[in-house]
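Here are my notes on the model you sent. Please read them with the coordinates open.

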Amino acid sequence: MRPTRARALGLLAAGLALPACSTHRDAVAIGSKNFTEALLLGELYAQLIEDNGHPVRRRLDLGGTDIAMAALERGEIDLYPEYTGTALLVVLKLTPQGDAVQQFELIKSEYERRFACTWLDPAPMNNTQALATTRALAARYGLRTLSDVALKAPQLRLGAVPEFLKRSDGLPGLQRAYGGFNFKETRLVDFGLKYQALLDGDVDIVVAFGTDGAIVADDLVVMQDDKHLFPTYQVAPVIRLDALKARPELAQILNRAAPLLTDQTMRTLNNEIDGPLKREPADVAGDFIKAHDLISD
């Protein structure tokens with residue numbers, strides 16, 4: 001089973017070093033982190049660039065955020081897919097403020113100032129933290145929003161990982177923003193098994209991410225964050241300014257795909273990889289490019 005984004009974020013303190021590599025200055029070096037959606041997006045970026053006439057060197061499956069950023073800063077990769085929420089909280093260590101547009105502009109300007117990198121167009125998808133349940137349980141308890149969950153929590157069993165119980169945008173943040181959220185029981189579950197625990201009836205609600213493939217596969221209901229606690233996690237290519245200056249056409253190539261990457265689309269694509277079909281990210285990315293006619297003539 002491929003690791004999730006949350007598990008990849010857990011590698012932030014790992015301090016792993018990248019092996020030395022040759023520069024291959026004639027190719028665009030594409031990186032990615034080591035979870036399903038990142039591998040898919042890294043492959044999507046790589047194929048888009050290849051299909052539009054540029055040689056590519058893949059350095060996918062690097063590890064967590066710190067490893068990918070280190071590779072970018074050292075010039076070992078030219079670009080990789082990153083999330084605005086991760087950039088804000090983990091890389092820049094800033095407090096969320098303003099709407100998604102303001103947040104993106106702040107992140108972009110800070111990356112240019114601090115790292116000589118910039119962000120291309122963000123996709124509309126939002127892979128933010130969330131709480132999810134089955135349609136049957138949502139109907140039984142009247143659950144539609146996080147405010148609903150806050151009130152009904154004493155009747156519900158939560159499935160979560162230890163990190164969620166401590167993070168400022170986890171359970172403590174929910175209790176601070178919404179009040180309540182005092183669950184009948186909290187069970188620690190592995191990210192790879194959390195949805196199975198929900199379907200098996202071991203828990204009533206689980207910590208999720210907005211574009212998880214299981215949301216589509218298992219027809220789950222994601223609670224609306226009606227008080228806007230969770231920061232936005234839009235994805236976009238982060239690219240070194242010198243690489244973009246050398247090939248300015250990369251922006252147009254990658255920006256064409258950005259509007260197509262909605263929550264529903266990413267859930268479906270992720271499920272093709274993690275669901276029963278167990279398809280390879282490269283095959284899923286290639287089919288997506290063909291389906292949307294993103295190959296240049």
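1. Basis. This is a predicted model, in which local features need pLDDT of at least 70 and side-chain atom pairs count only at pLDDT 80 or more, while totals for chains, interfaces and linings use all residues. Residues are numbered from 1 along each chain as its sequence is written, and side-chain values use heavy atoms, with hydrogens and water left out.

2. Sheet order. Five strands form an open sheet with mixed pairing, in the order β7-β6-β8-β5-β9; strands are DSSP runs of E, at least two residues, and helices are runs of H or I, at least four, both numbered from the N terminus. Two strands count as paired if DSSP finds at least two bridges between them. The edges are β7 (185-188) and β9 (220-222), each with a single partner strand, so one side of each has no neighbour in the sheet. From one strand to the next the twist averages 35 degrees.

3. Pairing of β8. Strand β5 (residues 129-134) pairs with β8 in the antiparallel sense over four bridges. Ala130 stands opposite Ala208 in β8, and Gln129 has Phe209 as its bridge partner. Strand β6 (residues 157-160) runs parallel to β8 and is joined to β8 by two bridges; here Leu158 stands opposite Ile205.

4. Burial of β8. How many of the five residues of strand β8 (residues 205-209) are buried? Five of the five are, so the strand is largely enclosed by the rest of the structure. Buried means under 20% relative accessible area, exposed over 50% and partly exposed in between, with a 1.4 Å probe and protein chains only. Both faces are covered: Ile205, Val207 and Phe209 lie on one side, Val206 and Ala208 on the other.

5. Helices α2 and α14. Helix α2 (residues 36-51) packs against helix α14 (residues 281-291) at about 50 degrees, with the axes 8 Å apart. Axes are lines fitted to C-alpha atoms, for helices over the stretch in contact, and angles run from 0 to 180 degrees between N-to-C directions. The two helices are therefore oblique to each other (under 35 degrees is roughly parallel, over 145 roughly antiparallel, 65 to 115 roughly perpendicular, the rest oblique). The crossing of α2 and α14 is right-handed, that is, the near helix is turned clockwise from the far one by less than a right angle, anticlockwise being left-handed. Residues of α2 in the contact (heavy atoms within 4.5 Å) include Leu39, Leu40 and Glu43, and those of α14 include Pro281, Ala282 and Val284. By class, this contact has 10 nonpolar, two polar and two charged residues.

6. Helices α4 and α5. The axes of α4 (residues 84-91) and α5 (residues 100-115) come within 10 Å and cross at roughly 55 degrees. That makes α4 oblique to α5. The crossing is left-handed. Thr84, Gly85, Ala87, Leu88 and Val91 in α4 meet Gln103, Phe104, Leu106, Ile107, Tyr111 and Phe115 in α5.

7. Thr232. Leaving out residues up to four places away in sequence, Thr232 touches Thr84, Gly85, Ala100, Gln103 and Asn126.

8. Helix α3. In α3 (residues 65-73), the buried residues include Thr65, Ile67, Ala68, Met69, Ala71 and Leu72. Just after α3, Gly75 takes a positive phi of about 80 degrees.

Terms used
Ala, Val, Leu, Ile, Met, Phe, Trp, Tyr, Cys and Pro count as nonpolar, Asp, Glu, Lys and Arg as charged, and the others, Gly among them, as polar.
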